[in-house]
Amino acid sequence: MKFTDFNLKETIQAAITEAGFVEPSPVQKDAIPIILEGHDIIAQAQTGTGKTAAFGLPAMSMMKGDGSVEGLVIVPTRELAMQVSDELFRFGKLSGLKTATVYGGTAYGQQIDRIKQASIVVATPGRLQDLLMSGKVKMSPKFVILDEADEMLDMGFLDEIKNIFTFLPKDRQTLMFSATMPPAIRKLAEEILNNPKTVSITKAEKTNTKITQLYYVVQEKERDDALVRLIDYKNPDKCIIFCRMKKEVDRLVAHLTAQGFKVSGLHGDMEQKQREVTIRAFKGGGIDIFVATDVAARGLDVNDVTHVFNYQIPFDSESYVHRIGRTGRGGKTGEAITLVTPNELKTIKRIEKDVGTTMTTQVIPTRMEVQNNRSDALISKIAETKVTENAIMLVKTLQHDLDIVTIAHLLASLVQEENFVQGKDNIGLGLEEIELLIERALNSRGAGSGDRSGSRNRSGGGYRGNKPRTGGGGSGTSDRHGRNGRSTGGRDSRNGGQGSRG
Ligand code: ADP
Ligand code: MG
């Protein structure tokens with residue numbers, strides 16, 4: 001199916017082509033025809049599935065662009081307001097449809113002026129209610145859209161929303177989008193929607209198949225080491241690490257900063273300004289790692305997040321889906337990595353069942369594996385490097401005292417020192433051990449944490465399945481290198497060495 005199969009007007013088609021969209025996403029396939037037919041709609045689809053275009057394209061296709069406010073989009077947060085507004089602007093600019101963004105915390109005057117020129121207003125509930133109640137703004141939008149309706153209710157905006165609707169015309173088309181459909185959402189839908197059609201993207205489609213889902217089993221006290229090792233191994237461009245508690249966020253930020261990563265925490269109680277500055281730094285690449293709680297990451301839409309780490313597994317399946325949906329956006333691939341303790345394997349199995357997905361378990365790479373990875377990257381980097389005048393001069397000078405092979409060895413050691421991987425050789429549990437634990441977790445219903453008497457109970461923890469320990473090598477290398485590599489050369493040299501940061 002293609003976008004041209006919908007009956008969208010030409011200028012909107014052109015904007016879609018310009019945006020580079022080729023194939024409509026599932027929610028777009030289902031929702032666009034219904035909206036074009038003039039129906040109210042209640043649509044459920046996960047984050048990152050293209051809901052903005054699903055309501056934006058058809059609604060805008062039906063707008064006249066006569067200078068009045070024809071569309072009103074209500075969103076939970078200021079960031080979302082800006083994001084949605086940007087996306088809608090992109091779709092509407094060839095059709096002469098202007099957008100205005102309305103949110104709290106800034107002056108009224110300018111926002112009111114913008115609204116007067118806009119075809120589409122994207123607003124957060126609080127400020128919108130203020131504007132409507134004060135009479136400073138009047139509008140009769142033909143299209144009213146509630147985006148991320150579940151988050152708005154979670155954030156306590158129900159009264160505002162109901163109140164806002166008393167100011168809106170009865171003769172309107174109302175579109176409601178939500179990642180989840182709890183009873184409160186259905187109740188609200190009954191009140192504000194008129195004979196709605198329902199779109200629900202089924203479970204199989206709901207989890208983005210472009211996201212690889214992995215989990216690693218570690219002991220509680222190994223979480224930090226495991227996290228650092230995995231970041232070292234995966235070398236993510238941009239990643240988000242999820243924790244359950246705010247104090248854990250602070251602790252991890254300090255820990256990872258000390259390790260030389262470019263990292264920042266994202267707090268629910270951060271000031272709006274500070275939050276925006278941080279998010280901009282993350283988008284721009286000044287920060288590579290965000291550590292966040294679920295609440296803080298609400299509505300966060302950053303493209304190019306390559307990895308999501310669950311430092312702790314979330315309590316419920318919905319949070320899990322929300323979290324991992326921060327990667328694999330806009331048709332890109334992504335990886336979601338969850339750390340669990342043996343006790344938490346049950347939760348993994350429950351989430352898999354709820355979400356209708358399977359996660360793959362893996363063994364945390366050994367220090368040598370990471371080291372080898374880096375050496376490979378270094379070798380390709382060396383092969384690609386151009387020889388400079390300065391380098392030729394340097395080698396000439398060195399040749400006064402040393403032979404060429406010794407010089408090569410010394411230079412290689414210098415570069416490798418910065419690439420040194422720290423930490424113990426093996427972290428976490430091996431495959432066979434994990435399999436055994438999974439079996440136990442599945443068999444043991446109820447409290448008792450398991451009969452250990454089974455005949456399959458092979459003792460000898462730490463057996464690493466089909467991956468034999470790489471003996472010796474590297475473990476003799478002195479600690480000094482490890483510390484140096486981490487604290488001086490730090491991340492930048494490492495990344496340079498890997499050459500994978502574009
Ligand atoms: P949601 O609201 O469901 O979380 P968004 O509307 O924010 O998702 O879309 C997520 C990303 O996917 C955006 O960057 C958007 O531009 C992109 N996108 C949306 N639809 C398509 C499509 N059909 N093809 C390619 N990219 C798309
Ligand atoms: Mg959205």
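Two residues are in contact when heavy atoms of theirs lie within 4.5 Å. In this predicted model, L57 touches F3, L8, I12, I16, I32, T52 and F91, leaving aside residues up to four places away in sequence.

The model is read with local features at pLDDT of at least 70 and side-chain atom pairs only at pLDDT 80 or more, while totals for chains, interfaces and linings use all residues. Residues are numbered from 1 along each chain as its sequence is written, chains are lettered from A and ligands numbered from 1 in the order in which they are written, and side-chain values use heavy atoms, with hydrogens and water left out.

**Overall make-up**

The protein holds 20 helices and 14 strands; helices (H or I, at least four residues) and strands (E, at least two) are DSSP runs numbered from the N terminus. Of its 502 residues, 50% count as buried. Buried stands for under 20% relative accessible area, exposed for over 50%, and partly exposed for values in between (1.4 Å probe, protein chains only). Among contacts between residues at least 6 apart in sequence, 77% join residues at least 24 apart.

**Cores**

A nonpolar core is a set of buried Ala, Val, Leu, Ile, Met, Phe, Trp, Tyr and Cys residues joined through side-chain atoms within 4.5 Å. The largest one has 37 residues, and F55, L57, V73, L88 and F177 have the most contacts inside it. Elements that each supply at least two residues of this core include α1 (10-19), α2 (26-36), α3 (51-61) and α4 (78-92). The largest share, 6 residues, comes from α3. Another core, of 33 residues, lies apart from it and has V102, L128, I164 and F165 among its members.

**Sheets**

Strands pair if DSSP finds at least two bridges between them. One open sheet has 7 strands in the order β3-β4-β2-β5-β6-β1-β7, with parallel pairing. Its edge strands, β3 (99-102) and β7 (197-200), each pair on one side only. From one strand to the next, the twist averages 15°. Within this sheet, β2 (residues 71-74) is joined to β5 by 4 bridges, and I74 has L146 of β5 as its bridge partner.

A further open sheet of 7 strands, also with parallel pairing, has the order β10-β11-β9-β12-β13-β8-β14. At its edges stand β10 (263-266) and β14 (360-361), each with a single partner strand, so one side of each is left without a neighbour in the sheet. Strand β11 (residues 289-292) runs parallel to β10 and is joined to it by 4 bridges; S264 stands opposite F290 in β11.

**Ligand 1**

Around ligand 1 there are 19 residues, the closest being E23, Q28, G48, K51 and T52; a residue is near a molecule if one of its heavy atoms lies within 4 Å of it.

| Residue atom | Ligand 1 atom | Distance |
|---|---|---|
| E23, backbone N or O | nitrogen | 2.8 Å |
| G50, backbone N or O | oxygen | 3.1 Å |
| T52, polar side-chain atom | oxygen | 2.7 Å |

**Positive phi**

Most residues other than glycine have a negative phi. N195 has a phi near 45° and is found in the loop between α9 (183-192) and β7. At 67% relative accessibility, N195 counts as exposed. N235 also has a phi near 45° and is found in the loop between α11 (223-234) and β9. N235 counts as buried, at 10% relative accessibility.

Key. Axes fitted to C-alpha atoms, helices over the stretch in contact; angles between N-to-C directions. Polar contact = N/O pair within 3.5 Å; in protein donor to acceptor, adjacent residues only side chain to side chain.
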